[in-house]
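Hi,

Here is the structure I promised to hand over. Have a look at it first, and then read on for what turned up.

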Amino acid sequence: MSRQLTSLLTIAAVCVTVASAPAQAAAKPAEKSAPVDCAKVKCIALTFDDGPGKYAGTLLDTLKKYDAKATFFLEGQYAKSRPQYVKRMVAEGHELGNHSYSHPDFTKLEPGAIRNEIQKTQDAVKKAAGVEPKLLRPPYGLADLQVSDIADEYGMPIILWTAGSEDWASKNVEAIKKKTLEVAKPNGIILMHDWVKQTVDAMPAIVKSLQAKGYHLVTVSDVIKNEGLEAGDVFPLPAGWEN
Ligand SMILES: [Zn+2]
């Protein structure tokens with residue numbers, strides 16, 4: 001791995017405040033055909049944590065209707081209890097990430113316990129959909145050098161987010177829509193949750209609005225393609241993690 005992290009400090013992945021995207025001269029309509037080159041077109045990655053949540057089926061219907069892709073950072077315990085959604089996510093072209101098995105703070109665990117959380121989730125996802133996640137998002141976005149080293153063992157970069165929808169806090173359809181559109185920016189990675197019903201209810205309007213602004217809704221791997229990330233790297237790098 002690249003020795004990206006030199007600090008043992010535990011740093012919360014606080015949402016980075018991002019300036020509004022520069023005004024686009026003319027919004028290009030989102031094209032229906034894949035693959036998308038995010039170096040050339042306007043991309044954004046919506047990410048859904050802690051699922052599959054119980055509203056995942058409705059969310060998948062919406063994504064399908066608008067030909068939008070998303071990334072799901074799954075908890076192994078729910079991949080195990082709702083395997084049908086995991087299977088659908090893969091079949092419908094979405095990306096899967098590992099978000100632990102039972103959502104503990106990785107920075108408070110022994111290495112063996114972290115590995116156990118990651119491995120059990122890899123196994124549950126593989127059993128459900130025949131594939132293994134290639135991205136790690138630790139619970140609460142909390143990582144330290146030990147977590148990074150273990151992510152490296154699994155060959156996974158650690159993916160945080162550029163901004164949050166704050167859906168879990170507001171639980172309000174209008175507020176979630178407003179916040180998400182406000183923080184959207186090219187190649188942004190937006191944190192959302194598919195267990196929040198209001199998020200799933202807000203999604204048709206969010207997807208339509210983003211596409212009207214010319215965004216292609218793509219997976220995390222699409223937006224990080226040109227970042228040159230190696231296993232164990234953290235992206236985006238929170239303030240305080242120096243190169
Ligand atoms: Zn979470």
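**What was found**

With a relative accessibility of 9%, Thr 62 counts as buried (buried means under 20% relative accessible area, exposed over 50%, partly exposed in between, with a 1.4 Å probe and protein chains only). Thr 62 sits in helix α1; helices (H or I, at least four residues) and strands (E, at least two) are DSSP runs numbered from the N terminus. Leaving aside residues up to four places away in sequence, Thr 62 touches Met 203 and Pro 204, where contact means heavy atoms within 4.5 Å.

Some background before the rest. This is a predicted model in which local features need pLDDT of at least 70 and side-chain atom pairs count only at pLDDT 80 or more, while totals for chains, interfaces and linings use all residues. Residues are numbered from 1 along each chain as its sequence is written, and side-chain values use heavy atoms, with hydrogens and water left out.

On confidence, the chain averages a pLDDT of 89, and 85% of the residues score at least 70 (pLDDT is the predictor's confidence in each residue, from 0 to 100). Residues 5-32 have a pLDDT below 50, and this stretch has 54 contacts in the model beyond near neighbours in sequence.

Now to the metal. The zinc ion has Asp 50 (OD), His 99 (NE2) and His 103 (NE2) as its protein donors, lying 2.1 Å from it. Donors here are N, O and S atoms within 2.8 Å of the metal (3.2 Å for Na, K and Ca); water is not among the atoms, so sites may look incomplete. Along the chain, the donors follow the spacing D-x48-H-x3-H. His 99 counts as buried because its relative accessibility is 1%, and His 103 does so at 17%.

The largest nonpolar core has 36 residues, and Phe 72 and Met 203 touch the most other members. Such a core is a set of buried Ala, Val, Leu, Ile, Met, Phe, Trp, Tyr and Cys residues joined through side-chain atoms within 4.5 Å. Among the elements that each supply at least two residues of this core are β1 (43-51), α1 (56-65) and α8 (197-212), and α8 gives the most, with six residues. A second, separate core of 28 residues includes Cys 38, Cys 43, Leu 136 and Ile 224.

Finally, a helix pair: Pro 83, Val 86, Lys 87 and Val 90 in α3 meet Val 125, Ala 128 and Ala 129 in α4.

Best wishes
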